[in-house]
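I keep these notes as a record of what I looked up. The entries follow the order in which I took up each topic.

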Amino acid sequence: MSKNVGIKVTINGRLIERVVNVRLHLADFLRQDLRLTGTHLGCEHGVCGACTVIVDGEPVRSCLMLAVQADGSNVRTIEGVALSKDLPHPVQTAFKKHHALQCGFCTPGVIATAVALLEQNPVRTDDELREAISGHICRCTGYQQIMDAVREAADQLARERLQK
Amino acid sequence: MRAGKIGERIERIEDSTLLFGTAQFVDDLEMDGVLHAAFVRSPHAHAKINAIDTGAAEALEGVHAVFTMQSFAQLAQGRTPLTFPHPALKQGLTQFPLAVDEVCYVGECIAVVVAESRHVAEDAAALVEVSYDALPAVIDCQDALKGQTVAHQGAPNNIVAHLKGGFGDVTACFARAAHVVTDTIRMHRGGCHSMEPRGVLARYARQSHELTIWSSTQSPYSVSRFVAQYLGMETSDVRVIAPNVGGGFGPKAAVYPEEYVIPLAAMMLNRPVKWIEDRSEHFVSTTQQRDQIWTIEIGADANGKILALRGHGVHDHGAYVPYGLLLPLTSMSPFPGPYTLQAVELQLDVVFTNATPTSPIRGAGRPYAAFVIERAVDRIAQHMKIDRAEIRRRNFVQPTQMPYPTGMLYRDGSIITYDSGDYPACLEKALQMADYEGFPSRRAKAQKQGRALGIGIASYIEDTGVGPYEGATVRVLRTGKVLIETGAPSQGQGHATVFAQICADVLGVDIASIDVRSADTGRFPMGVGAIGSRIAVTAGSSVFQAAQSVRQKAIKLAATLLNVGEQAIEVADGKVQLRGDATKSFTFGDLAQRLISAPGVALPEGFTAGLESTAYFPASSAIPYANGTHVVEVEVDTGTGLVRVLKYSVAHDCGNMINPLIVDGQILGGVVHGLGNALLERMEYDQLGQPLTTNYGEYLLPIASDIPRIEIAHLVSPSPRNPLGVKGAGEGGTIPAAAAVVSAVEDALSAYGVRLSSHPLTPQYLIRSIAASGL
């Protein structure tokens, strides 16, 4: 039960080496061991999506992944989403503009999903966006303003890609 | 150009830390030496506790202590305080912080383990051995009313209260009524499901005998007051702080056993102790609401003018009384809704069951009242073959009748009187947005494709801005920064932005120069809480009044310093200056500095210290009433029972809006909460009182793919009852939603003659209803 294992993970661009208990999940590793408390736990059974982080480009429920499984991978959390310290990611900017967050507890997970989806390919139909966001539970917003924000961010990122 | 006037659709000042992941919720706070708690909870709905063996748990490495109620004997004893006493309460039974010899619902706290980590605490909690004798449990509220099984051993019955309300001569009205219809209406228990579960962190300073509690609460002042009362301390020594709170929706306004136990554990160990509720605990230990079952009778004259409504309800209060009678009371006071009835007679039996205790959730009792009223109005319409929009037109309170006394009594005994609003206009607007006139052709077209469409309407009123007060201080700092301090806690509603907009507007400064600090009993002396859509009305008005006093004081001081009359002073671009002469000007910071002064330097004559003011806008029983109409179009798959919401139109009136972007967010979130109640959310118990829906696979919340585009129209009837002309907007989205959806689904199934008077309308329920029709 208490076996410990050494892991190396790149988190928000920094290589982290730690010894972790094998039963520690990734969310607790991020929150407790690394004090990256922007990742929130909403249900711990993999449904609500609040704890979603980006692992090797894919959105992952960090409550369903063990820290040891992240060994050798590249993890981005909400603390590593912004383009720079003062420059928010277009998804973050759009969330603010469209009032796509209220209490903000589920928001880091929703943003992780949106960022991963749009960085893979920003050209997305409304149905694709809705399908992706439906992996999250938000009790405050009713989703409409989230959908508006993600739509706007997708369009902006698609335009930027065309210009490149 | 300065930003942040009243009425501007601006981005929130709260958002940046939330978007960058740096906002701090209770579980994010760092605290040296903190220990972690896990609770041992009852697996039985009703049982006698024979013995609790904590030995194996205490022996586990990393465990600091295992506490039962007995462990706290030197510090505290007895049941937790009754938070809202009421003369009608027959059995105001509250919980012990930790159960002593009886447990009355699955999830009741029995013992707490405090350990080095939450992981160890949970391992140890599983090692605590509790010996029980299971007792008979009662779950159905109608069974509970009969009283053959009692939810509490030794209690004479399960009656919490028998409430009565109404006005007029109901008997005479029914005698005159040309049409009378009856119905039985069932509304179901559900949960709040804030995405941040509850959480408590407590630190005790032994030398000064001071407690600091960080709690994910909507009512830090209630936590301070009742914990202090329980521990025999002064509220000034029990400081409670609500940091970022991840949604509340009502249940976080109650004071919970864990909010007593965690401070007690911190006092016992002289170490900070933290407990964070997990979702499994939330499903059984955070208060829920519902069930209510009503039998009603409604009578109308030959013209479809509704005369009277009579109803008898049974209200499932759950196992204890965590929040007085506020939930059942708020399900009676909204009668007769937006309609002019001559008489209403209501009786509500409030009963204990062996289910999780109940308290208000978004809308509190108002969605039940709206559901009962709107189903009743629909029933009369059906019976008389009058269009559902038309029956409402014939019965609305008219704008010319404002202020309109309904006849019902408010909590303080005064007669409930609506302040303003144009109910017919809201209906017409919603019908127009929904293209109600075009619906028959849409339905006919769909019918040809084998699809069943339906449309539903629900109108509502909402009492908002409940008193007595929520105060605020506006203080100009030396730097010119303006600080707003208030007791008003926030769980995501954007209060800080709203307050800052009001203050910026009054002082003529940019919103960027304003900071808001709230929900800390150590910073602001008194407060009530974020309940009942009240903060913009109460705290907003206080901010407005305090900011006006600050402005006046600044003008008076500038006039004194320039030796001119006050009329010669103007406030422009954040400066207080001689009218027409910007060279003779002061910043707010300059003026604040004069009133802070320095040792030996007297204040200007006639001035008190500090460029600041505190106001407690007194909200009396004359509160503002919001209103609106929702129209919803649905498609029902008659083969699977699945309901798809196609179009949702909201016309509502919450008076003047301070920030329409935020109001939209409140309405959208509220509507979707109501859609969950109408179609998805089912907190199921078996006959032994075992909850059966305790994860998000079994208890379904709305997700993005369930939601149609929701269109909103704002009508504006300013309230004459506060200086801002505002009304609350937090719950109006939820209140009529279930009524509108059920009306629409019934309409879609009209070919089958199916009558729907309950929610949630699960696919299983609809399939059974269709099958029962025999068509």
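**Entry 1. Two loop residues with positive phi.** I began in the loop between strand S8 (179–187) and strand S9 (199–205) of chain B, where B:His193 lies. I note that the model is predicted. Phi of B:His193 is near 55°, a positive value, and the residue is not a glycine.

I found a second case in B:Ser533, which has a positive phi of about 45° although it is not a glycine. B:Ser533 sits in the loop between strand S21 (514–518) and H15 of chain B. B:Ser533 is also buried, with 29 other C-beta atoms within 10 Å. I recorded these values because most residues other than glycine have a negative phi.

**Entry 2. Cis peptide bonds.** I looked next at prolines in chain B. The peptide bond from B:Phe335 to B:Pro336 is cis, with omega near 0°. I located B:Pro336 in the loop between helix H9 (326–330) and strand S15 (343–351) of chain B. Another cis peptide bond joins B:His759 and B:Pro760, with omega about 5°. B:Pro760 is placed in the loop between strand S29 (758–759) and helix H19 (763–772) of chain B.

**Entry 3. Helix H16 of chain B.** Which residues of helix H16 (residues 588–596) of chain B are buried? I listed B:Phe588, B:Leu591 and B:Ala592. They cover an arc of only 100° around the axis, so they are on the same side of H16(B). Among the elements that cover these buried residues are helix H14 (495–507), helix H15 (535–562) and strand S24 (581–587) of chain B. Just after H16(B), I noted a positive phi of about 65° at B:Ser597.

**Entry 4. Helix pairs in chain B.** I compared the axes of helix H11 (residues 388–395) and helix H12 (residues 423–433) of chain B, which pack at an angle of about 165° with their axes 10 Å apart. An angle over 145 degrees counts as roughly antiparallel, and H11(B) and H12(B) are therefore roughly antiparallel to each other. Their crossing is left-handed. H11(B) contributes B:Ala389, B:Arg392 and B:Arg393 to the contact, and H12(B) contributes B:Pro424, B:Leu427 and B:Leu431. By class, I recorded four nonpolar, no polar and two charged residues in this contact.

For helix H10 (residues 366–384) and helix H18 (residues 737–748) of chain B, the axes come within 8 Å and cross at roughly 30°. H10(B) passes H18(B) in a right-handed crossing. On the H18(B) side, I found B:Ala738, B:Ala739 and B:Ser743 in the contact, while the H10(B) side includes B:Phe371 and B:Glu374. This contact has five nonpolar, one polar and three charged residues.

Entry 5. A:Phe29 counts as buried, with 26 C-beta neighbours inside 10 Å. Leaving out residues up to four places away in sequence, A:Phe29 touches A:Val20, A:Leu24, A:Leu34 and A:Ala67. A:Phe29 and A:Ser62 are 33 residues apart in sequence, and their C-alpha atoms are 9.3 Å apart.

How many residues does each chain give to the contact between chain A and chain B? I noted 40 residues from chain B and 42 residues from chain A. On the side of chain B that touches chain A, H17(B) gives the most, with seven residues.

Methods:
Residues numbered from 1 in each chain as written. Chains lettered and ligands numbered in written order. Predicted model: local features only at pLDDT ≥ 70, side-chain atom pairs only at ≥ 80, totals over all residues. Buried ≥ 20, exposed ≤ 12 C-beta atoms within 10 Å, placed from the backbone. Helix = DSSP H or I, 4+ residues; strand = E, 2+ residues; numbered from the N terminus. Arc of directions from axis to C-beta. Contact = placed C-beta atoms within 7 Å. Axes fitted to C-alpha atoms, helices over the stretch in contact; angles between N-to-C directions. Parallel < 35°, antiparallel > 145°, perpendicular 65-115°, else oblique. Left-handed = near helix turned anticlockwise from the far one by under 90°. Nonpolar A, V, L, I, M, F, W, Y, C, P; charged D, E, K, R; others polar.
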